[in-house]
Amino acid sequence: MTARALAFLFRRAPCPMKYDPIKDRLGDLASRHPLLQRLLFGLLNLLFLRAWYVRRAVRRLLGALSNDRPARVLDAGTGFGQYAYFVARTFPTAQVRAVDVKQGYLERARAFVDQTPQADQIDWAIDDLTDLQSEGPFDLILAVDVMEHIPDDEAVFEHFERVLRPGGHVIINTPSDQGGSDVQDEDDESFIGEHVREGYGRAELAEKLRAAGLEPVRGLYTYGPYGSAAWRGLIKWPMQMLGTTWASLLVLPFYYAAVLPLGLLLNATDMECDNARGTGLFMVARRPPTAG
């Protein structure tokens, strides 16, 4: 089956919606029991292609660090906290500071992690990335699907450079300007109404990072033809179902039983492709080791 045929199979349907209220309600539901929270984290890691890229890069970057001291990680805009939890579980000596501007997210994530062996590894705090108060130095900063929500992105990058250890890295995942947020044409409206920009171009994001004193070391377009098709089938359509009626929760297990194998295959294929274009952008940058 060709990429064009797959894109047609999982073609987009014009249905702008508020993504955060659905996400928040799912978070509230999962927070009722630790098993539900683990299930939510597992589904996020399985279904979202961005999690595949982020987790691979985290393993590579933190795995390459010396063991002479604990790695320090800033999860900038932690949301549900799944990446903070992933880092703590994967690297038992790592110390994570997970920040967000939303108290509810932090309270739910802390309530879950406090019941796990990773409780002492994660510090939770309210912090605004445009006026970052968290103190470094950090070996790694995660900004996963955060920058598209922040108008003053240049201030955020300057703070990242300030709190990174020389030689430390930042991982940024964001929609691209090539159909990110499901915007394909000038008249399209973002699928996710909370975004302040549709996405970044690779050169644009690299230039902004350099202006802040950070050195881009890797930039990839993700969600190419295969990943974009998977995103529509695994994420967008189910979210639209939930946005229409929460009774869809009864139907979704049967839906995923049918589409999950193909969706995961498409995600895996995207990971192996060198996408010339894509609706997602994944970038790793570092603070130069000689920074003063």
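The exercises below concern a predicted model, and each task is followed by a worked solution.

**Exercise 1. The chain as a whole**

Task: State how many helices and strands the chain has, and what share of the residues is buried.

Solution. 
Step 1. The secondary structure comes to ten helices and seven strands.
Step 2. The chain has 292 residues, and buried residues make up 53% of them.
Step 3. The accessible surface of the chain comes to about 13600 Å², and 54% of this surface belongs to carbon and sulfur atoms.
Step 4. Of the contacts with a separation of 6 or more, 79% are between residues 24 or more positions apart.

**Exercise 2. An aromatic cluster**

Task: Classify the ring pairs Phe41 with Phe112 and Tyr85 with Phe112, and locate the residues in the chain.

Solution. 
Step 1. A pair of aromatic rings is described by the distance of the centres and the angle of the planes. Centres must lie within 6.5 Å for a pair, and planes over 60 degrees apart count as edge-to-face. The structure holds seven aromatic pairs.
Step 2. For Phe41 and Phe112, the ring centres are 5.5 Å apart and the planes stand at 85°, so this pair is edge-to-face.
Step 3. Phe41 belongs to helix H3 (residues 34-47) and Phe112 to helix H6 (residues 103-113); the pair therefore ties together parts that are 71 residues apart in sequence.
Step 4. For Tyr85 and Phe112, the centres are 5.2 Å apart and the planes are at 70°, so this pair is edge-to-face.
Step 5. This pair also links distant parts of the chain, with Tyr85 in helix H5 (residues 82-90) and Phe112 in helix H6, 27 residues apart.
Step 6. Phe41 is buried. Tyr85 is buried, with a relative accessible area of 6%, and Phe112 is buried, with a value of 4%.
Step 7. Phe41, Tyr85 and Phe112 form one aromatic cluster.

**Exercise 3. An enclosed helix**

Task: Explain why helix H7 is described as largely enclosed, and name elements that cover its buried residues.

Solution. 
Step 1. Helix H7 spans residues 153-163, and eight of its eleven residues are buried, so the helix is largely enclosed by the rest of the structure.
Step 2. The buried residues of H7 are Asp153, Ala155, Val156, Phe157, His159, Phe160, Glu161 and Val163.
Step 3. The cover over these buried residues includes strands E1 (72-76), E4 (138-144) and E5 (164-175), together with helix H8 (202-211).

**Exercise 4. A buried charge**

Task: Describe the surroundings of Asp75.

Solution. 
Step 1. Asp75 is found in strand E1.
Step 2. Asp75 is buried yet has no salt bridge. The nearest side chain of opposite charge is that of Arg50, 11 Å away.
Step 3. Neighbours within four places in sequence being left aside, the contacts of Asp75 are Tyr83, Ala84, Val96, Arg97, Ala98, Val99 and Leu142.

**Exercise 5. Residues in loops**

Solution. 
Step 1. Pro137 is found in the loop between strand E3 (122-126) and E4.
Step 2. Tyr223 is placed in the loop between strand E6 (215-222) and helix H9 (225-244). Tyr223 is buried, with a relative accessible area of 11%.
Step 3. Gly199 is found in the loop between E5 and H8 and is buried, with a relative accessible area of 12%.
Step 4. The C-alpha atoms of Gly199 and Gln178 are separated by 7.6 Å, and these residues are 21 residues apart along the chain.

Methods: Residues are numbered from 1 along each chain as its sequence is written. This is a predicted model: local features need pLDDT of at least 70, side-chain atom pairs count only at pLDDT 80 or more; totals for chains, interfaces and linings use all residues. Side-chain values use heavy atoms; hydrogens and water are left out. Rings of Phe, Tyr and Trp (its six-membered ring) pair if their centres lie within 6.5 Å; planes under 30 degrees apart count as stacked, over 60 as edge-to-face and the rest as tilted. Helices (H or I, at least four residues) and strands (E, at least two) are DSSP runs, numbered from the N terminus. Buried means under 20% relative accessible area, exposed over 50%, partly exposed in between (1.4 Å probe, protein chains only). Contact means heavy atoms within 4.5 Å. Lys and Arg count as positive and Asp and Glu as negative; His and the chain ends are not counted. A salt bridge is a side-chain nitrogen of Lys or Arg within 4 Å of a carboxyl oxygen of Asp or Glu. Accessible areas come from the Shrake-Rupley method with a 1.4 Å probe; for residues, only the protein chains shown count as cover.
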